[in-house]
Amino acid sequence: MSVRLCFVALWLATAGAAAEAQGRDQIRIVGSSTVFPFSTAVAESFGAKTEYSTPVVESTGSGGGLRLFCGGIGSEHPDITNASRRMMASEYELCQNNGVREITEVRIGFDGIVLGAADNGLPAMELTMTQLWLALAAEVPVDDSCTRFAPNPNTRWSDIDPSLPRQRIEVFGPPPTSGTRDAFVELGMQVGARGLDCMAALHESDADQFEEVASRIREDGMWIDAGENDNTIVQTLINTPTAFGVFGFSFLDQNSDRLVGTLIDGVAPEFDAIADGEYPISRSLFFYVKNQHSSMVPGLASYVAEFTSEDAWGEFGYLTDRGLIPLPDALRDEMGRRARILSPMTEVPG
């Protein structure tokens, strides 16, 4: 190869590397649609306050975000992933296998999972956890022994209990890749199933069979996967007054003029009820930082510092205005300290 061709090849390689580096002067964040509005608010504040570019935030769902995050190290992989459930052991192992070995876990606060509907001026519906399971389970017991199961025959809410409305069961909810769905299954469906005596006995005698039956959501049209964008579910409910939707409390809070939340076991999905654990379908929210990118992507540590500042996630921070329920003071202080020094996880999540 001539000297001129070598020079051209070297110039092209250098230009390509420079272009790639320039293309990643922004923090890239993926993950949970529930955490998305909080992360977006922090990104906008961070971009306005600092000399760094405003981070790019994508709503991919918790599971999808963790897969992207754990894909590897380098500018083609995201720096942070949001999650509406804790990272699973299998996801942690995927990260480790792909070289993502230094991860900081940041628990940011609490959220409730809401069964919401369009506000039509009538009192909010009230359900028990068990009624919710009987409405949405793929299979239900044939009799009180829980030895045989059949496809769910309940097509109207009144089929479950005559006191409930005589309207078709129609619930729009997140898809299997969503952390909201994972949490809803664990905290809502499984707990509701144990409200039946024979299912509680099955939980004790055969945990695997119980989990299989209690966790499966029906696929006969009563539950409709509505994608990762909770705003889409909200808009669908406005256009479908008899339907319900499953989404995070923050979306109910931000649309309180249009939506109403169902009471579960007699408790309304409200800020204080979620904060003190009275509302039964509550969960923690997280984000995960790829520490190995802190020296590669400008401002990564500073973004974490902004998110964990009292101005953002504190009791009177701007994220509470968007529906985030803050951690207790002592836990928030400790979590913030560990986050700001990018303290890596030292064990596989259980």
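Select Cys-146 to begin: at 5% relative accessibility, this residue counts as buried. You are looking at a predicted model. Cys-146 sits in the loop between E6 and E7. Check its backbone. Cys-146 is not a glycine, yet its phi is positive, at about 55°.

Now jump to Asp-265. Find this residue in the loop between strand E12 (263-264) and helix H12 (271-275). Asp-265 is not a glycine either, and its phi is positive at about 50°. Is Asp-265 buried or partly exposed? Asp-265 counts as partly exposed, at 45% relative accessibility.

Select residues 207-215, which make up helix H9. Highlight Phe-210, Val-213, Ala-214 and Ser-215, the buried residues of this helix.

Keep H8 and H9 on screen. Their axes are 6 Å apart, and the helices pack at an angle of about 135°. H8 and H9 are therefore oblique to each other. From H8, pick Met-199, Leu-202, His-203 and Ser-205. From H9, pick Ala-207, Gln-209, Phe-210, Val-213 and Ala-214. Color this contact of H8 with H9 by class: six residues are nonpolar, three are polar and none are charged.

**H5 across H7**

Next, show H5 with H7. The angle between them is about 100°, and their axes lie 7 Å apart. That makes H5 roughly perpendicular to H7. On the H5 side, select Met-129, Thr-130, Leu-132, Trp-133 and Leu-136. On the H7 side, select Phe-184, Leu-187, Gly-188, Met-189, Val-191, Gly-192 and Ala-193. By class, the contact of H5 with H7 holds nine nonpolar and three polar residues, with no charged ones.

**Salt bridges**

How many salt bridges does the structure hold? There are twelve. Visit some of them.

Start with Arg-216 and Glu-139. Their side chains meet in a salt bridge, with N to O at 3.6 Å. Arg-216 is in the loop between H9 and strand E9 (223-225), and Glu-139 is in strand E6, so this pair ties together parts 77 residues apart in sequence. Arg-216 is partly exposed, with a relative accessible area of 36%. Glu-139 is also partly exposed, at 25% relative accessibility.

Move to Arg-218. Its salt-bridge partner is Asp-220, and the closest N and O atoms are 2.9 Å apart. Arg-218 is buried, at 2% relative accessible area, whereas Asp-220 is partly exposed, at 43%.

Go on to helix H15 (residues 329-340). Asp-329 and Arg-332 are three residues apart there, which means about one helical turn separates them. An α-helix has 3.6 residues a turn, so residues three or four places apart point the same way. Asp-329 and Arg-332 form a salt bridge, their closest N and O atoms 3.0 Å apart. Asp-329 is partly exposed, with a relative accessible area of 47%. Arg-332 counts as buried, at 5% relative accessibility.

For the last stop, select Arg-85, Glu-91 and Asp-182. Salt bridges that share partners join these residues into one network.

Note on methods: Residues are numbered from 1 along each chain as its sequence is written. This is a predicted model: local features need pLDDT of at least 70, side-chain atom pairs count only at pLDDT 80 or more; totals for chains, interfaces and linings use all residues. Side-chain values use heavy atoms; hydrogens and water are left out. Buried means under 20% relative accessible area, exposed over 50%, partly exposed in between (1.4 Å probe, protein chains only). Helices (H or I, at least four residues) and strands (E, at least two) are DSSP runs, numbered from the N terminus. Axes are lines fitted to C-alpha atoms, for helices over the stretch in contact, and angles run from 0 to 180 degrees between N-to-C directions. Angles under 35 degrees count as roughly parallel, over 145 as roughly antiparallel, 65 to 115 as roughly perpendicular and the rest as oblique. Contact means heavy atoms within 4.5 Å. Ala, Val, Leu, Ile, Met, Phe, Trp, Tyr, Cys and Pro count as nonpolar, Asp, Glu, Lys and Arg as charged, and the others, Gly among them, as polar. A salt bridge is a side-chain nitrogen of Lys or Arg within 4 Å of a carboxyl oxygen of Asp or Glu.
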